[in-house]
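User: Can you walk me through the strands and what packs on them?
Analyst: Go ahead and ask.

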Amino acid sequence: MKKLPAFKYLKYLIWLGPMLMIAGVSAGVVSGGWTAVPIALILVGLALIGVGLIAMGRVDMGEQPGAWNQRSLETGANALVTTLAVLAILGLINFLGAKYVWRVDLTENQQFTLSPQTQNVVRNLQEPVKVWVFDKQQNPQDRALLENYRRAGNKFSFEYVDPQAELGLAKQFEAKNFGDVVLELQPNNKRKQFVQTVSDRDRLSEAKLTNGLEQILSDRRANVYFLQGHGERPLEAGQPGAMSQAVKLLGEKNLVAKPLTLAASKEFPQDAAAVVIAGPQKPLLDGEVQALKNYLQRGGHLLLMVDPTNTDPKLDTLLKDWGITLDKRVAIDGSGGGKLINLGPADAIVTRYGDHPITKELQGNLSFFSLARPVQSTSVKDVKETPLLFTSDNSWAESNLQTQPLEFNPPADLQGPLVLGIALEKQTAPKSRLVVIGNSTFATDGLFDQVVNGDVFLNSVRWLEQPEQSTLSIRPKDTKNRRINLTAQQANLSSLLALILLPLLGFGIAAYVWWRRR
């Protein structure tokens, strides 16, 4: 019996069938739903496999009438088993990939990895939180960030909405512009929080989104008072040595920064969650020091940042109760490092931190303190002390900055490593807390957002005003623009190199190899 020409070629459909089935399974897994397209691909693939098997049988029947021969059965069985094995492997890979996500972020500032603070916030969500993005377009970068949040916690979700198509929803969330991002605390729309407006130039910020999460999760607003009247750091922007960046960040954390002039106050503010003394240039009055001591004895919390100046702030009596002594010498970094980033020897570099909630998540990160003084401590009963900031082994405390070049001269100078900051906590009720740092410059505008300088300040304040807080983290970093802007001449040269010179070089090498082997 002659072979049937029509079936001679139909038997090859058995190989096209598995391809369509794989495409259908992949489309269903990627899209997250088994719509008509994935199901149709799978069914067509199965049909083609069936047609191929029948065609193979009909062709072989032309050679051996009455039944499929053994070769036909073996070929069909092998094709079927191979298809099922490939589908099973793909299904297993997609299942494991969805359940166990593993990624490596090689960018400079971990651009595609959520900060530890963000991960803690999202992981510990007690109620569902949803992000509404009122925009027609779904920017891939913004969506990738939101996907990272969703992977970090199962109570986080997001949705893109066209404000023109959903006018009622846009009005409900007070979305007035394309790109408005609004947080909703669910269920039943308990609370709303505007985050930012995204655009082509202003992409969704992890820092702003995490700050919005913290604000919407807590309706508590604590007051942090900054002592004034002794040459302390100003709070308003535009003044030399101001701390406006620190004040702004505190506001984003539901902490209200307020000035405090004790000499003009009738009584100590009862709503003070913490008090900050930042770089006093003149001595405090005896009555002011006593008011601060009474505040601590009542369970208050104080952050003291004192620079090495010629003026004594007269805080020795307060610090003596905690076993703290402020060294009058200046910390010098003798390692010679920091030159590449324009740091001098009086800029003490810190990469070692104490095991404490303030600095636990800062290990390995860089901070620096210009003209800092060491902080020394002695044990005091019922006071737990934890050093926070350590200089390198090549540092020392310099007693005379006028001597040039700066050299370590014992016994006047003190060999490092030095302690530049320390956290203390009373173990008996009422439990009060004190953080002492021998520098205030690191928290001023311009230096606050460098490396983790701002994290040291922010974590110190948050540890003071939230005694129940156990772990603090590095705040989210905004994305840095690392684009390379080429001139027209550079762009033309790059195009010439990629499109002409490199291909010609490849052809030339190939021709040379051919000529040598001919």
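User: How do β5 and β6 pair?
Analyst: In this predicted model, β5 (residues 222-227) runs parallel to β6, with six bridges between them. One of the pairs is Asn223 with Val256 in β6.

User: What packs on the sheet there?
Analyst: Helix α12 (residues 453-465) does, touching β5, β6, β7 (272-278), β8 (301-305), β15 (383-390), β18 (419-426) and β19 (433-437). The direction of α12 makes about 165° with that of β19.

User: And what's the strand order in that open sheet of eight?
Analyst: β6-β5-β7-β8-β19-β18-β15-β12, with mixed pairing.

User: Which residues have the most contacts inside the largest nonpolar core?
Analyst: Val276, Leu303, Met305, Leu389, Val435, Ile437 and Phe457, in a core of 41 residues. α12 supplies the largest share of this core, six residues.

User: What is Met305 in contact with, sequence neighbours within four places aside?
Analyst: Its contacts include Met243, Val276, Ile437, Phe442 and Phe457. Another core, of 28 residues, lies apart from the largest one and has Leu296, Leu304, Leu318 and Leu424 among its members.

User: Switching to the open sheet of four strands: what order?
Analyst: The order is β2-β1-β3-β4, again with mixed pairing. Its edge strands are β2 (156-161) and β4 (191-197), and the twist averages 20° from one strand to the next.

User: How many bridges join β1 to β2?
Analyst: Six, with β1 (residues 129-134) and β2 running parallel. Phe134 stands opposite Val161 of β2.

User: Which helix lies across β1, β2, β3 and β4?
Analyst: α8 (residues 206-217), at about 165° to β4.

How values were computed
Residues numbered from 1 in each chain as written. Predicted model: local features only at pLDDT ≥ 70, side-chain atom pairs only at ≥ 80, totals over all residues. Heavy atoms only, no water. Pairing = 2+ DSSP bridges. Helix = DSSP H or I, 4+ residues; strand = E, 2+ residues; numbered from the N terminus. Contact = heavy atoms within 4.5 Å. Axes fitted to C-alpha atoms, helices over the stretch in contact; angles between N-to-C directions. Core = buried A, V, L, I, M, F, W, Y, C linked by side-chain atoms within 4.5 Å. Buried < 20%, exposed > 50% of the residue type's maximum accessible area, 1.4 Å probe, protein only.
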